[in-house]
Amino acid sequence: MVGRMVQGAMALVLLVMMALPAAALEGFQKSSLTVETASGGKFRFDVELAETMAQQAQGLMFRERMADDAGMLFIYDSVRPASFWMKNTLIPLDMLFIGADGRIVNIHERAVPQSLDSINSAGPVKAILELNGGMSARLGIRPGDLVRHSTFANK
C-alpha cells in the first residue's frame with residue numbers, strides 16, 4: 001500500500017514537472033562517489049544529487065547526453081522499495097539500486113529511453129545511481145559491489 005502511495009505521489013510530481021517550462025527545471029547539487037568492485041576496480045563518478053521529490057521526478061529527463069564519468073544519485077530519506085520509469089528520458093541508463101550499507105542490491109542495465117515500463121528495486125534501497133547505459137557491464141560492476149558516498153553508512 002505504501003509503495004503504491006509513493007508511486008502515486010511520484011506520478012503526480014512527474015505530471016507537474018512535464019507541464020513546467022524548461023526554465024523551471026530543478027537544479028542539482030554535485031558530489032562525487034566511488035564504486036568498488038569485487039574484482040578490485042575503483043571507479044569515480046561525478047554525480048548530481050536528486051534529494052527532493054521535485055528533483056527525483058525530473059531526474060535526467062530531457063538530457064541528450066551525459067559524460068562517461070557522470071551520473072545522478074537519487075537519495076531517499078528512508079530505506080524503501082523503489083520504482084522508476086524512463087518517460088522523457090532521452091538516453092539509455094543503467095540503474096544501480098543501493099542499500100543503506102552502500103551495497104548494490106540489483107542493477108537494471110540499459111533502460112530504454114522514453115519507456116513507461118516500471119523498473120523496480122529487488123528490495124528496500126536508500127539510493128539509486130543512474131549511469132550511462134552499458135557502463136555497469138563495461139566496468140564489471142555487479143550486485144554486491146560497494147558504493148562509497150556520504151549517503152551510506154560506509155562513507
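Student: Which residues does methionine 95 touch, not counting residues up to four places away in sequence?

Tutor: A contact here means heavy atoms within 4.5 Å. By that rule, methionine 95 touches Phe84, Met86, Asn106, Ile107, His108, Ala111, Ile119, Ile128, Leu129 and Glu130. Please keep in mind that this is a predicted model, where local features need pLDDT of at least 70, side-chain atom pairs count only at pLDDT 80 or more, and totals for chains, interfaces and linings use all residues. Residues are numbered from 1 along each chain as its sequence is written, and side-chain values use heavy atoms, with hydrogens and water left out.

Student: How many helices and strands does the protein have?

Tutor: Helices (H or I, at least four residues) and strands (E, at least two) are DSSP runs, numbered from the N terminus. The protein has 3 helices and 9 strands. Their order along the sequence is α-β-β-α-β-β-β-β-β-β-α-β.

Student: What share of the contacts with a separation of 6 or more comes from residues 24 or more positions apart?

Tutor: Such pairs account for 70% of those contacts in the protein.

Student: What percentage of the residues count as buried?

Tutor: Buried means under 20% relative accessible area, exposed means over 50%, and partly exposed is in between (1.4 Å probe, protein chains only). Of the 155 residues of the protein, 46% count as buried. Accessible areas come from the Shrake-Rupley method with a 1.4 Å probe, and for residues only the protein chains shown count as cover. The accessible surface of the protein comes to about 7,900 Å², and 55% of that belongs to carbon and sulfur atoms.

Student: How many residues are in the largest nonpolar core?

Tutor: In soluble globular proteins, nonpolar side chains tend to be buried together. A nonpolar core is a set of buried Ala, Val, Leu, Ile, Met, Phe, Trp, Tyr and Cys residues joined through side-chain atoms within 4.5 Å. The largest one here has 19 residues, and those with the most contacts inside it are Ala82, Phe84, Met95, Phe97 and Ile128. At least two residues of this core come from each of strand S3 (70-80), strand S5 (93-98) and strand S8 (125-132). S3 gives the most, with 4 residues. Apart from this core lies another, of 18 residues, among them Leu33, Val47, Leu73 and Leu96.

Student: How many aromatic pairs are there?

Tutor: A pair of aromatic rings is described by the distance of the centres and the angle of the planes. Rings of Phe, Tyr and Trp (its six-membered ring) pair if their centres lie within 6.5 Å; planes under 30 degrees apart count as stacked, over 60 as edge-to-face and the rest as tilted. The count by this rule is 2 aromatic pairs. Phenylalanine 74 and phenylalanine 84 form an edge-to-face pair, 4.9 Å centre to centre with 85° between the planes. Phenylalanine 74 lies in strand S3 and phenylalanine 84 in strand S4 (residues 83-84), so this pair ties together parts that are 10 residues apart in sequence. Phenylalanine 84 and phenylalanine 97 also form an edge-to-face pair, at 6.4 Å centre to centre and 85° between the planes. Phenylalanine 97 lies in strand S5, so that pair ties together parts 13 residues apart in sequence.

Student: Are these phenylalanines buried or exposed?

Tutor: Phenylalanine 74 and phenylalanine 84 are both buried. Phenylalanine 84 has a relative accessible area of 10%, and phenylalanine 97 is buried with 0%. Ring pairs link Phe74, Phe84 and Phe97 into a cluster.

Student: How many salt bridges does the count come to?

Tutor: A salt bridge is a side-chain nitrogen of Lys or Arg within 4 Å of a carboxyl oxygen of Asp or Glu. The count comes to 5 salt bridges. In one of them, the side chains of glutamate 36 and arginine 148 meet at 2.9 Å, N to O. This pair links distant parts of the chain: glutamate 36 is in strand S1 (residues 29-36) and arginine 148 in strand S9 (residues 146-148), 112 residues apart. Arginine 148 is partly exposed, with a relative accessible area of 30%. Another salt bridge joins arginine 80 and aspartate 77 (3.4 Å, N to O), and aspartate 77 is exposed at 69% relative accessible area.

Student: Where is glycine 144?

Tutor: Glycine 144 sits in the loop between helix H3 (135-139) and S9. Glycine 144 counts as partly exposed, at 36% relative accessibility. Not counting residues up to four places away in sequence, glycine 144 touches Arg103 and Ile104. Glycine 144 and alanine 38 are 106 residues apart in sequence and 7.8 Å apart in space, C-alpha to C-alpha.
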